[in-house]
Amino acid sequence: MQPIHTLHDFFVRSGAEVRLYHLGRRVEPCEMATLEALEAEAAPWPMPWQGQARLGLVFRLGDMSDPLIWFLALPLDEEGRLDPASRDAFVQRLLETLGHNVTTVGREDGQAVDNLMKDNPLAFTPSLPFQAMLHARASHDLGRPASSHLEPVEAYLSGQQTLDWQALGLQGLADFAVRMDHEEQRRLSRRLPDLPTEVLTSLCYCLEHVAIDDDLAAALRARGEAAAEVGDIETLCACVRAASGSEAAGDWFDGLLTDANACGPDLLAAIAARGWSHLEDGQRLPRYLERLACCEQADFMRVARDLALIPRLRLPVLMTLREAPADSPIGRRLVALTR
């Protein structure tokens, strides 16, 4: 039998039933081929977050009755490729725990495998919205029913039932975001103006991980702009992040980036964190980086470096930085770094 050197090797060789999910910029399914390419040094990680490839792995080995869940943050180098040392150490510990014949792993090995996460330097704990969204996606993808929290959320958001909104659970909102269809998005668009701010914010934490239609994006924009008018930047940013999964978000970003007063550090961070795909634009990206450079409270190089780790943005970001005139906001930021 060929030796096991990578996580991909382990899951393939063990015959595990496994589903992978990105847990960096957005909770969404990840192909096993993406992990294989990273570990084979064939491709950089497509959705890096703070210098890491963050993964949720939902898997079952042998005759395990319930799946295990691992949260792993694999370190990346400056080009978004795997820094393998800590991964190698983890795979070695995994093999020592199970024995090298991983095809015989059984139910009794589940606890030992799970215990590997307790003192694992690659392990991390996602935020509660990320955990809720992973549970919602995995349940849906595995053909399992949603949590019991979904039904009251559906009743409340549809306006069919008056409930104490404080009783709504984050897991129910996550299940709703993952499972909503076009008609439910249409109803939510009409309901959005009347939602309490606390419900809206929690809902946005979930919507930012899914694709939404332009009608719902328009409702989020209207609510976000209304919040901005009264100085509620938190709600504005929540709506920006939630609208990022729509095609219409780019137009909203263009409007925001023309307003120097709107472009504070929180808004700029929201666009980079969830709306990075809309920065794949020859005019919007330079405008964004210029606004970022003008914002004294923003960590310009940290955000620019994080965007440059995204393969599709790496060259455009580097070219924008390289071609910036020395007396431009970007140029002055770069000069300050060399002093």
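Exposed here stands for over 50% relative accessible area, buried for under 20%, and partly exposed for what falls in between, computed with a 1.4 Å probe on protein chains only. Before you go on, note that this is a predicted model, in which local features need pLDDT of at least 70 and side-chain atom pairs count only at pLDDT 80 or more, while totals for chains, interfaces and linings use all residues. Residues are numbered from 1 along each chain as its sequence is written, and side-chain values use heavy atoms, with hydrogens and water left out.

**Stop 1: helix H3**

Now select residues 85-98, which make up helix H3. Helices (H or I, at least four residues) and strands (E, at least two) are DSSP runs, numbered from the N terminus. H3 has 14 residues and reaches 20 Å from its first C-alpha to its last, close to the expected 20 Å. That expectation is 1.5 Å times one less than the number of residues. Next, colour Arg87, Phe90, Val91, Leu94, Leu95 and Leu98, the buried residues of H3. Looking down the axis of H3, you will find that its buried residues fall within an arc of 135°, so they line one face of the helix. The arc is taken from the directions that lead from the helix axis to the C-beta atoms.

A salt bridge is counted when a side-chain nitrogen of Lys or Arg lies within 4 Å of a carboxyl oxygen of Asp or Glu.

**Stop 2: the sheet**

Show strands E1 to E4 next. The 4 strands form an open sheet in the order E2-E1-E3-E4, with antiparallel pairing. At the edges are strand E2 (27-30) and strand E4 (68-75), each pairing on one side only. From one strand to the next, the twist averages 30°. Two strands are taken to pair if DSSP finds at least two bridges between them.

Zoom in on E1 and E2, a hairpin with 3 residues between the strands. Their antiparallel pairing runs over 4 bridges, and tyrosine 21 stands opposite proline 29 in E2. Then move to E3 and E4, which are antiparallel and joined by 8 bridges; pick leucine 55 and you will find its bridge partner, leucine 72, in E4.

**Stop 3: salt bridges**

How many salt bridges does a search of the whole structure find? There are 15. Select glutamate 17 and arginine 60 for one of them, with the closest N and O atoms 3.1 Å apart. Glutamate 17 is in strand E1 (residues 17-23) and arginine 60 in strand E3 (residues 52-60), so the pair ties together parts 43 residues apart in sequence. Arginine 60 is buried, because its relative accessible area is 18%.

Jump to glutamate 208 and arginine 274, whose side chains meet in a salt bridge (2.8 Å, N to O). Glutamate 208 is in the loop between helix H9 (197-207) and helix H10 (214-229), and arginine 274 is in helix H13 (residues 265-274), so this pair ties together parts 66 residues apart in sequence. Both glutamate 208 and arginine 274 are buried.

Another pair to pick is aspartate 254 and arginine 287, in a salt bridge of 3.4 Å, N to O. Aspartate 254 belongs to helix H12 (residues 249-257) and arginine 287 to helix H14 (residues 284-294), so the parts tied together are 33 residues apart in sequence. Aspartate 254 is partly exposed at 22% relative accessibility, and arginine 287 is partly exposed at 28%.

**Stop 4: glutamine 171**

Go to helix H7 (residues 170-179) and select glutamine 171. Is glutamine 171 buried or exposed? At 17% relative accessibility, glutamine 171 counts as buried. Leaving out residues up to four places away in sequence, glutamine 171 touches Ala132, His135, Ala136, Ser147 and His149; contact means heavy atoms within 4.5 Å.

**Last stop: helix H16**

Finish with residues 311-323, helix H16, whose 13 residues reach 19 Å from first C-alpha to last, close to the 18 Å expected. Leu313, Val317, Thr320 and Leu321 are buried in H16. These residues cover an arc of only 95° around the axis, which puts them on the same side of H16. The face turned away from the buried side of H16 carries the exposed residues Leu315, Arg322 and Glu323.

Methods
Axes are lines fitted to C-alpha atoms, for helices over the stretch in contact, and angles run from 0 to 180 degrees between N-to-C directions.
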